[in-house]
Structures are given as C-alpha cells and as structure tokens.
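Let's take a walk through a protein model together. Have a look at the picture first, and then we'll go through it piece by piece.

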Amino acid sequence: MASRESVLVSILKHLTDGELLYYQSKMPKYELEEQIKSMRKVVEEYKDFDPEIDDECRFAIFIILERIKNAILLETKVQKIVEEECHKFVYALNKTLSEVKTMLDESAEAEDESMYDIKNGVMGATTKTKQKRTNYPKQISKLLKSWLRDNINNPYPTEKEKQFLCDRTGLDHTQINNWFINARRRILPSLRQKHHSVG
C-alpha cells in the first residue's frame with residue numbers, strides 16, 4: 001500500500017494539474033469537476049486506513065478547491081457579462097439595419113413616385129401648376145393611420161395588405177402607395193415618438 005505522503009502528494013498534484021489546465025483553457029469545467037470528484041473518493045478511501053490524512057491534507061486541499069471555485073465563479077460572471085454585451089450589440093445592429101432598410105425603401109419608393117409623376121406630366125419643365133394634395137375622408141384616413149400604427153416597426157404593407165386596404169377604402173393601388181409614401185414622411189415620425197414615450 002502507498003505511503004501517506006505519496007497519496008497526499010498524488011492528490012495535491014492531480015488537483016494543481018487540473019487547476020493549471022483549467023486556467024490555460026485546456027480542460028473544460030465539467031472535466032475539472034469530474035477530477036475533483038475522483039480525488040474526493042481517493043481521500044475518502046484513504047481516510048479509512050489513515051485518519052490523520054483528514055487533518056493534514058484538508059487545509060491544502062481546501063486552499064486549492066477555493067482557488068478553483070473562485071476561478072469558476074469569475075468565469076461564469078465574465079461569461080454572463082460577455083453574453084449581455086453581445087445581446088446589446090446584436091439588438092443595436094439589428095435596429096440600425098432596420099432603420100437603414102427603412103430609409104432605402106422610402107428612398108426607392110420616393111424615386112418610383114417621382115418617375116411615375118414625371119411620366120404622367122405631374123412634374124418637369126412642362127408642368128405649370130403643382131398638383132393639389134388629396135385629402136381623403138376621415139374614415140379612410142383613420143383606417144390607414146390605424147394600419148400604420150399597428151405596423152409601426154415595418155410600415156410597408158404587402159401586396160395582399162394593399163389589396164385589402166384598397167377594398168376597404170375604395171382607393172386604387174397608386175393612391176394607397178402614395179398615401180404610405182407621404183405617411184412615412186409626415187405621420188410616422190410623430191407616431192414613433194409617441195410610441196417610444198409610452199414604452
């Protein structure tokens with residue numbers, strides 16, 4: 001049977017080796033935990049033969065285990081902080097991308113509207129009078145504004161939604177498109193401001 005000193009040295013060596021490998025990221029946490037459990041078994045078995053080991057090596061083992069525990073706690077805290085910062089970054093990035101997409105979509109729709117107006121003689125050198133903006137009845141405006149408020153984060157109706165709005169309001173596709181182009185410029189900013197102040 002091994003001497004008390006050799007068992008003590010073996011236990012401490014295994015623990016310090018595991019600790020070092022963990023610090024160097026060469027041993028995952030679960031492996032270190034398994035190693036600590038196996039060392040506990042060795043200590044328990046050896047105590048039956050030599051009760052003095054409990055008094056002599058408990059303090060040394062306690063010091064090493066306390067260091068390992070603190071390292072694991074620190075790693076957990078750092079991991080949590082990193083995950084929180086990653087979530088914040090991803091949220092901010094998605095928000096920025098969404099805003100850029102909205103600006104690009106609005107710019108493209110405004111360009112399409114300008115081209116449509118030029119083709120139909122509303123703008124350009126030959127146009128002498130500016131077209132008067134159409135004011136729709138309150139019920140129509142209320143319905144369109146309600147849709148805009150409900151879809152404040154993505155104020156671009158699909159073709160099906162446009163058709164639904166055409167059916168409900170009696171407006172044609174061009175009138176619906178023009179209303180939303182103007183609404184995103186004139187109405188949406190104040191809606192978003194109210195929405196953020198409430199949230």
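Is aspartate 17 buried, partly exposed or exposed? With a relative accessible area of 34%, aspartate 17 is partly exposed, because buried would need a value under 20% and exposed one over 50%. Keep in mind that this is a predicted model.

**The overall picture**

The protein chain has seven helices and zero strands. Read from the N terminus, its elements go α-α-α-α-α-α-α. Of the 199 residues in the chain, 25% are buried. The chain's accessible surface is about 14,900 Å², and carbon and sulfur atoms hold 57% of that. If you take the contacts between residues at least 6 apart in sequence, 70% of them link residues at least 24 apart.

**Salt bridges**

Back to aspartate 17, which has a partner. Its side chain meets that of lysine 13 in a salt bridge, and the structure holds three salt bridges. Here they are:

| Salt bridge | N to O distance | Helix |
|---|---|---|
| lysine 13 and aspartate 17 | 2.8 Å | H1 (residues 4–23) |
| lysine 88 and glutamate 85 | 3.5 Å | H3 |
| lysine 162 and glutamate 159 | 3.6 Å | H5 |

Why can partners like these meet within a helix? An α-helix has 3.6 residues a turn, so residues three or four places apart point the same way. Lysine 13 and aspartate 17 are four residues apart, about one turn of the helix. Lysine 88 and glutamate 85 sit three residues apart, and lysine 162 and glutamate 159 are also three residues apart.

Lysine 88 counts as exposed at 53%, while glutamate 85 is partly exposed at 44%.

Now for H4, which covers residues 138–150. Which residues of H4 are buried? They are Ile140, Ser141, Leu144, Trp147 and Leu148. These residues cover an arc of only 125° around the axis, so they lie on the same side of H4. Over on the other side, Lys138, Gln139, Lys142 and Asp150 are exposed.

Take serine 141 from the buried side. At 17% relative accessibility, serine 141 counts as buried because the cut-off is under 20%. Leaving out residues up to four places away in sequence, serine 141 touches Tyr136 and Trp179.

**The nonpolar cores**

The largest nonpolar core has 15 residues, and those with the most contacts inside it include Leu144, Leu148, Trp179 and Phe180. H4, H5 (159–169), H6 (173–186) and H7 (188–198) each supply at least two residues of this core. Another core, of eleven residues, lies apart from it, with Leu15, Met27, Met39 and Ile72 among its members.

What does leucine 171 contact, leaving aside neighbours within four places in sequence? Leucine 171 is in contact with Tyr136, Ile140, Leu144, Cys166 and Ile176.

**One last spot**

Finally, find glutamate 99 in helix H3, which runs over residues 52–119. Glutamate 99 is partly exposed, at 43% relative accessible area. Glutamate 99 and asparagine 154 are 55 residues apart along the chain, and their C-alpha atoms are separated by 9.9 Å.

Methods:
Residues numbered from 1 in each chain as written. Predicted model: local features only at pLDDT ≥ 70, side-chain atom pairs only at ≥ 80, totals over all residues. Heavy atoms only, no water. Buried < 20%, exposed > 50% of the residue type's maximum accessible area, 1.4 Å probe, protein only. Contact = heavy atoms within 4.5 Å. Areas by Shrake-Rupley, 256 points an atom, 1.4 Å probe, with all protein chains shown as cover. Arc of directions from axis to C-beta. Core = buried A, V, L, I, M, F, W, Y, C linked by side-chain atoms within 4.5 Å. Salt bridge = Lys/Arg side-chain N within 4 Å of Asp/Glu carboxyl O.
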